[in-house]
Amino acid sequence: MTGAAVTELVLVRHGETAWNRDRRIQGHLDTPLNDEGLRQARAAARRLAADAHRAWAGGAAPALVASDLQRCRQTAEPIAAALDVEPSFDARLRERHFGVFQGRTHAEILRDDAARAARWQARDPDLEIEGGESLRVFARRVEDALASLAAAHSGRTLVIVTHGGVLDVAYRIARGLALEAPRDFEIANASLNRLRFEGDRFAIVAWGDVSHWRDALDEL
């Protein structure tokens, strides 16, 4: 759509949790950040504040929306303070609901539920897990949420703090990749992932930036 206002989106995955390290499925379970995750969140906040000073000076202040789960709220807190904005929270930005897989490690699922684990690892979009969402249903939720939030903040910068699964879907939408396609891109904790939304299309500007916390770690 020519001449449509552009929304700049910065998608931030939440900082690390103990369950991330254990490779334990979180889904909708409300796990907190660990100490490393809190450090990563503060580093992301400093980076976004620097970006705001350089690139967004003189324009409208960026908006901040986050998943309502604790690990995203904790990541959004220092970002909100650094940008001097009030965050809002949206349950549509939650991770995929994994039903009975939630709370179990990848190894436990592979051991105890091999048939469904194989379909899950193959990214079967219609695999249904008791109490949870199929990948196809989850992706539709994410696409609807991102499109409506981008349209509502047309012409502005929108920072979204969310989950790895949401970022996976966002990347696929922007690149036109099938849900079943193997993942060949990284989704790191506290990474900054930049998209543009114009008309009704998403495009990737930059992906997977973790220099704000990885460089600081290398200096320790």
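User: In what order do the six strands of the open sheet lie?

Analyst: This is a predicted model, in which local features need pLDDT of at least 70, side-chain atom pairs count only at pLDDT 80 or more, and totals for chains, interfaces and linings use all residues. Residues are numbered from 1 along each chain as its sequence is written, and side-chain values use heavy atoms, with hydrogens and water left out. Strands are DSSP runs of E with at least two residues, helices are runs of H or I with at least four, both numbered from the N terminus, and two strands pair if DSSP finds at least two bridges between them. With mixed pairing, the open sheet has the order 3-2-4-1-5-6.

User: Which residue of strand 5 is the bridge partner of T7?

Analyst: Strand 1 (residues 6-13) pairs with strand 5 (residues 192-198) in the antiparallel sense, over seven bridges. Within strand 5, the partner of T7 is F197.

User: Is Q74 buried, exposed or partly exposed?

Analyst: Q74 belongs to helix 3 (residues 70-83). Beyond its neighbours within four places in sequence, Q74 is in contact (heavy atoms within 4.5 Å) with P32, L33, L38 and A41. Buried means under 20% relative accessible area and exposed over 50%, with partly exposed in between, using a 1.4 Å probe and protein chains only. Because its relative accessibility is 21%, Q74 counts as partly exposed.

User: How many Å separate the C-alpha atoms of Q74 and Q121?

Analyst: Along the chain, Q74 and Q121 are 47 residues apart. Their C-alpha atoms are separated by 29 Å.
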